[in-house]
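Hi everyone, thanks for coming. Have a look at the structure on the screen, and I'll walk you through a few spots.

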Amino acid sequence: MNSTQSADSLTLYGETFQSRVLLGTSRYPSLQSLSDSIAAARPGMVTVALRRQMNAGGAEAGFFDLLKRHAVPLLPNTAGCQTVSEAVNTAHMAREIFETDWVKLELIGDDYTLQPDPVGLIEAAAQLVKDGFKVLPYCTEDLVIGRRLLDAGCEALMPWGAPIGTGKGVINPYGLKVLRERLPDVPLIVDAGLGVPSHACQVMEWGFDGVLLNTAVSQATHPDAMARAFAMAVEAGRSGWLAGPMAERESAEASTPVVGMPFWHHDGSTV
C-alpha cells in the first residue's frame, strides 16, 4: 500500500483498515473458493454469523481455521434476528466467542424484503453502544433513521443499496445521495443489493466510504475473480471521488475552443 492509499484508509471508531471492501463469508461453493476470494479482495473485515460457530465441527471447524490463516479482522453479525432482545443477546454471545467488540447489527422487520426494523434497530443500537460495542447498523437509506442511530451512539452507518441478495444495485439513488450529502463526516458503507462491480464503483464515486459484499461474490460463476473485480472497482470509484468529478451539464460544451482558430474550407484555404 503506497503512502497516498495509507493516508486515505477507511477509519471506523478510530481504527484504520487496509481496505474499503468488507466481505461476507456465506454461501460460497467451497471453503477453497472462500479462501481464494478473501485473498483476491484483501478485505478490511470479513463478516461471520454466530450460527456458524454454534454448529462448529467438521467443515465449520475448517471455516474458522481458514479465517485465522487469513488474519482478517472479524465482524460478527446478528443475521436472522427479529427482536431487540434476540439481537442484543446474539451480539453478546458473539463477543464472547469471537473476542471482539465489533458487531454488524441486523434486525429484520420484514421477511420478504429483509428490510431492517427501524424502531427496534435504534433501541438495539443504543443498548449495544451502552454495553461497549462498536456497532455498525444495517439500515435503509432513510436520513432521519440514520440520524437517530447516530444519536444512539453509532459512529458509522451501513445503508442498503437494495434488498439483501437481489443484485439490483442502488434502487434509490436520490435517497443515498441525500444521506451522503447530509451526513458528510459520517462513515457510510453501502451494504446489500450490489450485484456487479460497476454498482460498487458508482457508490464510491458518490463519496461513500466502502461497500460490504457477499452474494455478489459468493454466487458469481468465479467468486475469486469477482472479488478481485469488486476490489478494483472500489479503488477506482474512490480515486474518482477524490479527483473531483466535473459538474454535469444539460447541454453540450465543446472541449476544444474554437475562438481564434482557423476554419478550413474543403479547398484547403483558411478564413
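Let's start with two helices: H6 (residues 118-130) and H7 (residues 143-151) pack with their axes 9 Å apart, at an angle of about 15°. Helices here are DSSP runs of H or I, at least four residues, numbered from the N terminus, and axes are lines fitted to C-alpha atoms over the stretch in contact, with angles from 0 to 180 degrees between N-to-C directions. So H6 is roughly parallel to H7, a label for angles under 35 degrees. Who makes the contact, meaning heavy atoms within 4.5 Å? From H6 we have Pro-118, Leu-121, Ile-122 and Ala-125, and from H7 Ile-145, Arg-148 and Leu-149.

Quick caveat: this is a predicted model, where local features need pLDDT of at least 70, side-chain atom pairs count only at pLDDT 80 or more, and totals for chains, interfaces and linings use all residues. Residues are numbered from 1 along each chain as its sequence is written, and side-chain values use heavy atoms, leaving out hydrogens and water.

Now the largest nonpolar core: it has 69 residues, and Leu-12, Val-135 and Val-211 touch the most other members. Such a core is a set of buried Ala, Val, Leu, Ile, Met, Phe, Trp, Tyr and Cys residues joined through side-chain atoms within 4.5 Å.

Last stop, Ser-33, in helix H2 (residues 31-41). Is Ser-33 buried or exposed? Buried, because its relative accessibility is 11%, and buried means under 20% relative accessible area (1.4 Å probe, protein chains only).

Notes:
Buried < 20%, exposed > 50% of the residue type's maximum accessible area, 1.4 Å probe, protein only. Parallel < 35°, antiparallel > 145°, perpendicular 65-115°, else oblique. Contact = heavy atoms within 4.5 Å.
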